[in-house]
Amino acid sequence: MSISVHITLTVDAAKVEDFLKALAPTFEAVTADPLNTFFEVYRDPKTPGVFKLVENWDASVEYMMNVQLKKDFYKTYNAAIEPMVLKPHVVEIYSRMPDNQWVSVRKGSYPGRD
């Protein structure tokens with residue numbers, strides 16, 4: 001099963017750089033996980049403290065809840081960002097479409113990446 005996890009975070013706009021510093025080790029840990037196939041961070045240009053994290057996984061929701069989210073680096077990350085967060089996280093989970101018929105990544109979209 002492949003899923004896509006979309007997390008919307010709202011942090012204090014004055015703490016954006018601190019948030020990104022706290023996110024960096026988690027981003028590295030998640031993208032090193034062999035079950036993670038995609039992770040991109042988006043920022044709302046109209047609201048500087050609003051971010052969307054989009055992660056694709058070759059994993060089930062059960063795995064994510066019972067195994068992935070219990071890893072130690074999430075505890076460190078959540079403790080670090082807690083004072084910066086202004087609203088509860090919004091988490092949405094989608095099933096990815098089968099057979100890759102509905103996926104496209106244009107070559108060159110991510111310069112410097114394979």
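Close-up 1. Lys 52 is partly exposed, as its relative accessibility is 26%; here buried means under 20% relative accessible area, exposed over 50%, and partly exposed in between (1.4 Å probe, protein chains only). This is a predicted model, in which local features need pLDDT of at least 70 and side-chain atom pairs count only at pLDDT 80 or more, while totals for chains, interfaces and linings use all residues. Residues are numbered from 1 along each chain as its sequence is written, and side-chain values use heavy atoms, with hydrogens and water left out. Lys 52 forms a salt bridge with Glu 92, their closest N and O atoms being 3.6 Å apart (a salt bridge is a side-chain nitrogen of Lys or Arg within 4 Å of a carboxyl oxygen of Asp or Glu). The pair links distant parts of the chain, with Glu 92 in strand E4 and Lys 52 in strand E3, 40 residues apart; helices (H or I, at least four residues) and strands (E, at least two) are DSSP runs, numbered from the N terminus. Glu 92 is also partly exposed, at 29% relative accessibility.

**Close-up 2. His 6 and its surroundings.** Look for His 6 in strand E1 (residues 3-10), where His 6 counts as buried at 18% relative accessibility. Its side chain makes a polar contact of 2.9 Å with the side chain of Ser 4 (a pair of N or O atoms within 3.5 Å; within protein, one must be able to donate a hydrogen and the other to accept it, and residues adjacent in sequence count only if both atoms are side-chain atoms). Setting aside neighbours within four places in sequence, the residues in contact with His 6 include Lys 52, Val 54, Val 91 and Glu 92, where contact means heavy atoms within 4.5 Å.

**Close-up 3. Two aromatic pairs.** The whole structure holds three aromatic pairs; rings of Phe, Tyr and Trp (its six-membered ring) pair if their centres lie within 6.5 Å, and planes under 30 degrees apart count as stacked, over 60 as edge-to-face and the rest as tilted. One of them is the tilted pair of Phe 19 and Phe 51, at 4.9 Å centre to centre and 40° between the planes. This pair links distant parts of the chain, Phe 19 in helix H1 (residues 16-32) and Phe 51 in strand E3 (residues 50-57), 32 residues apart. Phe 19 is buried at 0% relative accessibility, and Phe 51 is buried at 2%. Phe 27 and Phe 39 have ring centres 4.7 Å apart and planes at 45°, so this pair is tilted. Since Phe 27 lies in helix H1 and Phe 39 in strand E2 (residues 36-43), the pair ties together parts 12 residues apart in sequence. Phe 27 is partly exposed at 25%, whereas Phe 39 is buried at 10%.

**Close-up 4. Asp 33 and Lys 71 in a salt bridge.** The side chains of Asp 33 and Lys 71 meet at 2.9 Å, N to O. Asp 33 lies in the loop between H1 and E2, and Lys 71 in the loop between helix H2 (61-66) and helix H3 (72-81), so the pair ties together parts 38 residues apart in sequence. Asp 33 is buried, with a relative accessible area of 9%, while Lys 71 is partly exposed at 26%.

Close-up 5. Lys 75 and Asp 72 join their side chains in a salt bridge of 3.4 Å, N to O. Being three residues apart in helix H3, they are separated by about one helical turn. Lys 75 is exposed at 53% relative accessibility, and Asp 72 is exposed at 56%.
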